[in-house]
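Reader: I am new to this structure and would like to understand it step by step. Could you show it to me and take my questions one at a time?

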Amino acid sequence: GKWPLWLSPRQVIVCPVSEKFLDYAEGVRRQVHAARFFVDVDTSDRKLAKKIREAQLAQYNFILVVGEDELSNGTVNVRTRDNEVHGPK
């Protein structure tokens, strides 16, 4: 089922667009974890659409996508498990 954020074992996942953004994704993971959330990083070599779909099926509450724009602006692109895109934050 869909657990509320405060109870979910899969609260947040960071999905880098490609391998070259893994370091930034790990930095985002550390920041989110420091805020006391459960957070994972998808380090697979799958395409971004597949990473997002797998995260939705795993019922992560929030999917944070990071790439070139996010790295240069120090942001993340926020999506929910229901495929609502909230954009850069």
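Reader: How many salt bridges does the structure hold?

Author: Happy to start there, with a reminder that this is a predicted model. One of the salt bridges joins the side chains of glutamate 54 and lysine 50, at 3.2 Å from N to O. Counted over the structure, the salt bridges number 5.

Reader: Is glutamate 26 buried, partly exposed or exposed?

Author: Buried means under 20% relative accessible area and exposed means over 50%, with partly exposed in between. Glutamate 26 has 28% relative accessibility, so it counts as partly exposed.

Reader: What separates glutamate 54 and lysine 50 along helix α2?

Author: Helix α2 covers residues 48-57, and glutamate 54 and lysine 50 are 4 residues apart in it. That spacing means the two are separated by about one helical turn.

Reader: Which strands stand at the edges of the sheet?

Author: The sheet is open, has 5 strands and shows mixed pairing, in the order β2-β1-β3-β4-β5. An edge strand here has a single partner strand, so one side of it is left without a neighbour in the sheet. The strands at the edges are β2 and β5.

Reader: Which residue in the turn between β4 and β5 has a positive phi?

Author: β4 and β5 run antiparallel and are joined by 3 bridges. They form a hairpin with 4 residues between them. The turn residue with a positive phi, about 70 degrees, is asparagine 83.

Reader: Which element gives the largest share of the largest nonpolar core?

Author: This core has 12 residues, including Val14, Leu64 and Val78. The elements that give two or more residues to it are β1, α1, β2 and β3. The largest share, 4 residues, comes from α1.

Notes:
Residues numbered from 1 in each chain as written. Predicted model: local features only at pLDDT ≥ 70, side-chain atom pairs only at ≥ 80, totals over all residues. Heavy atoms only, no water. Core = buried A, V, L, I, M, F, W, Y, C linked by side-chain atoms within 4.5 Å. Buried < 20%, exposed > 50% of the residue type's maximum accessible area, 1.4 Å probe, protein only. Pairing = 2+ DSSP bridges. Salt bridge = Lys/Arg side-chain N within 4 Å of Asp/Glu carboxyl O.
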